[in-house]
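Hello,

Here is the structure you asked to look at. Please open it next to this message and follow along; my notes come after it.

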Amino acid sequence: MSLLEIRGLSVEFPAGENAVKAVSNVSFEVEEGETFGLIGESGSGKSVIGLALLRLLPESAVISGEVIFQGQNLFSLKPSELRNIRGKKISLMPQNPAGALNPVLKNGLQIEEVFEERRVDKKEGMKRSLKLMKKLFLTDPEKLCTLYPHQLSGGMRQRLIACMSLSFEPELLIADEPTKGLDPEAKAGAVDLFTKIKKEYGKTMLLITHDLDLALEVCDRIAVMYAGEIVELNEASKVLNTPVHPYTKGLISAQPRNGLVPLRGQSPSRIKLPEGCFFNERCRCSGIECSKKHPEIKKHKGGWVRCHFQSLQ
Amino acid sequence: MKYLIKRAGFMAFTVFAVCALTFFLMNVIPGGTAELILKHTLIGLEESATEEQLSQISSRYNLDDPLYLQFYWWVKEAVLRGDIGTSYIYNKPVLYLLTLRLPATVQLAGASMAIATLAGVSLGIYSALQENRISDHILRIVTLFGVSMPGFWIALILIIIFSLKLKLVQVSGYGNLENLILPAAALSLHSVAAVMRVTRTSMLETLGQEYIRFAKAKGLPVWKIISRHALKNAMLPVVTVIGFQMGNLLGGAVVIEKIFAWPGIGSLLVDSISARDLPMVQGCVLAIVTMFLLVNFIVDILYTHLDPRIRYG
């Protein structure tokens with residue numbers, strides 16, 4: 001049995017009379033010990049999936065589908081049961097480390113509170129955290145604890161957040177865009193950080209990112225998202241080296257190192273999604289069928305692809 | 001330290017400017033000061049006032065000198081000897097009269113401020129947590145009423161309901177807690193509403209921050225998220241408004257004290273203005289301005305304790 005199973009997850013945000021479909025009918029499984037990557041452009045719905053798993057979306061969000069974690073459906077848990085899973089069994093590494101740390105509380109307290117309400121000794125826990133901080137390239141952790149977040153650099157904040165998320169040795173770590181807004185040097189640091197986390201803990205990880213380098217470096221399998229649905233899912237090296245879906249191909253050739261060829265057009269309005277393939281209007285190889293019928297996701301060469309012409313690609 | 005000196009300098013300048021303004025404005029009011037003083041001393045014999053008596057009084061209080069000289073002497077005495085003049089009417093030092101009246105005003109303004117802070121902040125938090133539910137809407141309508149109704153009108157209504165109809169408390173009086181209830185309620189209503197509205201807005205904004213979501217992801221219970229993560233951040237604008245409300249309270253106290261015959265500086269000020277007792281008016285204004293400046297100074301110091309990012313230099 002997989003550690004995490006997502007079945008038909010859809011998320012909508014009501015906007016006046018309409019609803020914005022952020023995620024539509026997403027299903028995938030994450031095996032124990034695996035690093036699973038969710039990639040796609042901004043607004044493709046990848047972060048929403050991460051937040052939906054821990055039920056951290058605003059109350060107004062309409063969520064349907066099932067998320068099975070260790071045999072439990074996360075969507076039918078009571079608040080107290082959910083709290084026992086949050087931060088302990090599944091922890092979230094939020095995007096934007098600057099915003100995720102409370103500016104008016106000392107770093108030490110913000111680490112310490114991970115161990116609150118957990119029936120564990122706080123001091124014991126802090127010792128573990130301090131050790132972990134050293135491992136994650138943070139020098140002089142005791143001093144860091146007496147400082148406030150604004151006194152740290154961006155890279156340090158991110159490692160501090162990583163430390164908070166890992167302190168409890170969660171079974172599943174959801175890392176939401178860990179390299180967003182970091183400069184190239186800190187980005188390289190983040191790649192090191194994640195390789196290290198993966199090697200040392202061997203924990204299951206759901207990595208949400210638009211950084212293809214990071215994804216290739218760390219992920220075992222990758223799902224590519226477009227307009228709220230998965231368009232391609234396969235082993236990381238296959239997706240990024242021999243992409244099948246036209247969108248994945250476009251995404252890869254838009255990388256600076258591959259010539260910075262932009263994808264034409266814009267992703268469709270999520271209030272009124274097109275009838276056919278969501279990618280139809282931007283696709284270089286679309287046919288008549290593509291504008292009429294929404295393609296189902298189908299098996300193809302060991303992976304999954306959502307395209308009418310997958311055998312031709 | 002450097003900041004404190006700078007700040008004290010600004011406060012001294014503000015006090016000076018307000019005193020100058022009061023002094024010259026009081027002299028713009030038509031009617032000779034000497035005549036009024038004479039009338040107060042010769043009650044019943046007003047008609048018998050002679051030119052001689054008038055000039056006697058004028059020379060005693062230097063009323064024949066040009067205004068700027070009168071003001072210069074007043075400032076000189078105040079700064080060098082701490083003597084801010086002698087009341088024309090009571091024939092006693094202004095400072096002494098102020099110390100008699102100050103406790104009553106401090107009591108009333110302090111009680112109102114405490115009510116405004118406690119009720120305003122807790123109702124604001126409650127309203128924010130109940131956002132867009134029925135209790136939130138009711139509270140918001142009530143506060144709209146609160147900020148729109150003038151304090152003196154509220155005072156009269158309170159007297160009619162609680163003193164005259166229900167006969168629960170006396171209309172006026174001074175000395176015990178029971179007497180304080182109506183004036184403090186009437187005076188604070190406006191501030192309660194203002195503080196509540198700011199608390200609600202600020203709390204809602206804070207609750208939408210990323211660090212709140214991260215705190216949830218850590219598995220903290222709601223009350224800890226509110227009390228530890230949200231409250232301190234949300235309090236910054238609230239503290240500012242409470243500081244400003246002090247001005248409203250002191251200003252409102254002038255009228256409210258008169259209505260409830262409360263023996264504070266406010267009613268003294270009203271009496272002194274109608275008697276054209278210039279030194280006394282000057283003294284009352286000085287006391288009120290000083291109180292207002294002190295409270296706002298305390299507020300600024302509070303900032304640094306609430307938000308470690310704020311430093312004065």
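**Notes on the structure**

Nine bridges join β1(A) to β2(A), and the two strands run antiparallel. Please keep in mind throughout that this is a predicted model.

One of the residue pairs between these strands is E5(A) with E29(A), its bridge partner in β2(A). β1(A) and β2(A) form a hairpin with two residues between them. In the turn you will find G16(A), which has a positive phi of about 65 degrees.

On to the next pairing of β1. Strand β1 of chain A (residues 4-15) is also joined to strand β4 of chain A (residues 62-69), by seven bridges, and this pair runs antiparallel too.

Elsewhere in chain A, have a look at D183(A), in the loop between β7 (172-176) and α8 (184-201). Is D183(A) buried or exposed? D183(A) has 10 other C-beta atoms within 10 Å. A residue with 12 or fewer counts as exposed, so D183(A) is exposed.

Now the two chains together. The predictor gives the complex an ipTM of 0.87 and a pTM of 0.80. Chain B has an average pLDDT of 84, and 90% of its residues score at least 70.

How many residues of chain B are in contact with chain A? There are 18, and they meet 23 residues of chain A. On the side of chain B that touches chain A, the elements that give two or more residues are α9 (210-217) and α10 (222-259) of chain B. α9(B) gives the most, with six residues. Sorted by class, this side of chain B has seven nonpolar, seven charged and four polar residues.

Regards

How values were computed:
Residues are numbered from 1 along each chain as its sequence is written. Chains are lettered from A and ligands numbered from 1 in the order in which they are written. This is a predicted model: local features need pLDDT of at least 70, side-chain atom pairs count only at pLDDT 80 or more; totals for chains, interfaces and linings use all residues. Two strands pair if DSSP finds at least two bridges between them. Helices (H or I, at least four residues) and strands (E, at least two) are DSSP runs, numbered from the N terminus. pLDDT is the predictor's confidence in each residue, from 0 to 100. Two residues are in contact if their C-beta atoms, placed from the backbone, lie within 7 Å. Ala, Val, Leu, Ile, Met, Phe, Trp, Tyr, Cys and Pro count as nonpolar, Asp, Glu, Lys and Arg as charged, and the others, Gly among them, as polar. A residue is buried if 20 or more other C-beta atoms lie within 10 Å of its own, exposed if 12 or fewer, and partly exposed in between; C-beta atoms are placed from the backbone.
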